[in-house]
Amino acid sequence: MRYIIIVGCGKTGRSLALELSKTENVVVLDRSIKAMDVLGDDFNGKKIWGDGLDLSVLEEAGLSDADALYLLTNNDNLNLVIGKVAKRKYGTRNVILQVNDIVKKRIFQEEGLTIVNRNYLIVEVLRKCIG
Amino acid sequence: MYIVIVGAGRLGLVLAKQLQGEKHQVCLIDKNEGLCNKLARESKGILIIFGDATYPEVLKEAKIEKADVCVAATSQDEDNIIVCNLAKELFEVRRTVARVNDPKHLQLYKYMQVDNPVDSTSIIAQVVEEEASFKDVMSLLSIKKGRLSIVRIDIPEGSPVVNKTLKEIKLPANSVLVSILRGPDIIVPSGATKIYPNDEIIAATLIDVKNDLIKTLIGKI
């Protein structure tokens, strides 16, 4: 089982957490306890209530041992800052972050960071719909 | 100097006015449109730009590539870090300074290579602690993030240095007595100057020997 940390328990974070926790060891981190309540009883993982910008919280979540870190808050800047630090300081192997703004995606793209842009993905899918 | 300040909150605004008063060219960026309009009307001589400075085009509008310093003073630490990173990496601004809102985020600023993160909360906490804990000692000024301190020390009756000349007093290394306030007089001391009870001494000291200095002059901490 791989060890996976998900920061941000919105719609995407929640769905991913529920899906991955079936087969992997998952920790979810959010600033809001309520946001994590929606995970419900089916969630087979750990929840941490805290501030992802606080490195001691990330360490408590086990960042040093994580196989993957997903940054899925709706705050681009927060996702970028945590993503970069995870890569630089902790050498986390897989860092996947959601960035909504395409300009920022381009600027902050660097080796080892997988930056996902929702709009870009949807456009790709829609384009393929007409073959 | 040309200085770009991001965030027109209390800190950003006070800083902008202060720097303008010192004849620097100042540009202030904020993402609150109403506030920017108001500032543009009221603040003559400061360039006001409305926009989110975590987007490069907004920084470009501020001509940040010409800035000597970029100061990120918003209330969001992640935004401050991104602004400083953009200023440095994209526009080659030499010096970035940022306000650290939550002391727990200070580490992050360091890893993200912000040149001067200023942890105002910790600085204020230190000042408040000093004001609260010492009656006879007051910190007047901190220089170099508190490493050098100018302090005022009131000499009590029972102090071990009372009636001694400065020559007879062995001060810790890296501290120096600057002047003595005695009633209405201001004395710039020499080796022959004597210290009396109720003298107020102004001293400059490195922070690591501050407590030794206090101990020498008033006998306790």
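How many bridges join strand β8 (residues 148-154) of chain B to strand β11 (residues 200-206) of chain B, and in which sense do these strands run, parallel or antiparallel?

A: Strands β8(B) and β11(B) are joined by 7 bridges and run antiparallel. The model is predicted, with local features needing pLDDT of at least 70 and side-chain atom pairs counting only at pLDDT 80 or more, while totals for chains, interfaces and linings use all residues. Residues are numbered from 1 along each chain as its sequence is written, and chains are lettered from A and ligands numbered from 1 in the order in which they are written. Helices (H or I, at least four residues) and strands (E, at least two) are DSSP runs numbered from the N terminus; two strands pair if DSSP finds at least two bridges between them.

Within this pairing, B:Val151 has B:Ala203 of β11(B) as its bridge partner. The two strands belong to an open sheet of 5 strands, with the order β7-β8-β11-β9-β10 in chain B and antiparallel pairing. At its edges are β7 (137-143) and β10 (185-187) of chain B, each of which pairs on one side only. On average, neighbouring strands of this sheet are turned by 20° against each other, direction ignored. Here axes are lines fitted to C-alpha atoms (for helices, over the stretch in contact), and angles run from 0 to 180 degrees between N-to-C directions.

Strand β11(B) also pairs with β9(B), in the antiparallel sense and over 6 bridges. In that pairing B:Leu181 stands opposite B:Glu200 of β11(B). Further along the sheet, β9(B) and β10(B) pair over 3 bridges, again in the antiparallel sense, and B:Ile180 stands opposite B:Ile187 in β10(B). The hairpin of β9(B) and β10(B) has 2 residues between the strands, and in this hairpin B:Gly183 takes a positive phi near 55°.

Helix α7 (residues 210-218) of chain B lies across β7, β8, β9 (175-182) and β11 of chain B and runs at about 20° to β8(B). Two residues are in contact if their C-beta atoms, placed from the backbone, lie within 7 Å.

Now the chain as a whole. The assignment for chain B gives domain 1 (2-119) and domain 2 (134-218), with bounds taken from an automatic or database domain assignment. Between the C-alpha centres of these two domains of chain B the distance is 39 Å. Chain B has 7 helices and 11 strands. Its radius of gyration is 23 Å, well over the 17 Å that the globule rule gives for 221 residues, so chain B is more spread out than a compact globule. That radius is taken over C-alpha atoms, and the rule is 2.2 Å times the number of residues to the power 0.38. The C-alpha trace of chain B spans about 65 × 35 × 30 Å along its principal axes. Of the 221 residues in chain B, 31% are buried, that is, they have 20 or more other C-beta atoms within 10 Å of their own; 12 or fewer counts as exposed and anything in between as partly exposed, with C-beta atoms placed from the backbone. Among contacts in chain B between residues at least 6 apart in sequence, 54% join residues at least 24 apart.

Parallel pairings also occur in chain B. Strand β1 (residues 2-6) of chain B pairs with strand β4 (residues 69-72) of chain B in the parallel sense over 4 bridges, with B:Ile5 opposite B:Val71. β4(B) in turn pairs with strand β5 (residues 95-99) of chain B, in the parallel sense and over 4 bridges; the bridge partner of B:Val69 in β5(B) is B:Arg95.

Finally, chain B touches chain A, and the contact takes 15 residues from each of chain B and chain A. On the side of chain B, the elements that give two or more residues are α4 (77-89) and α5 (106-111) of chain B, and α4(B) supplies the largest share, 5 residues. This side of chain B divides into 8 nonpolar, 3 polar and 4 charged residues. Ala, Val, Leu, Ile, Met, Phe, Trp, Tyr, Cys and Pro count as nonpolar, Asp, Glu, Lys and Arg as charged, and the others, Gly among them, as polar.
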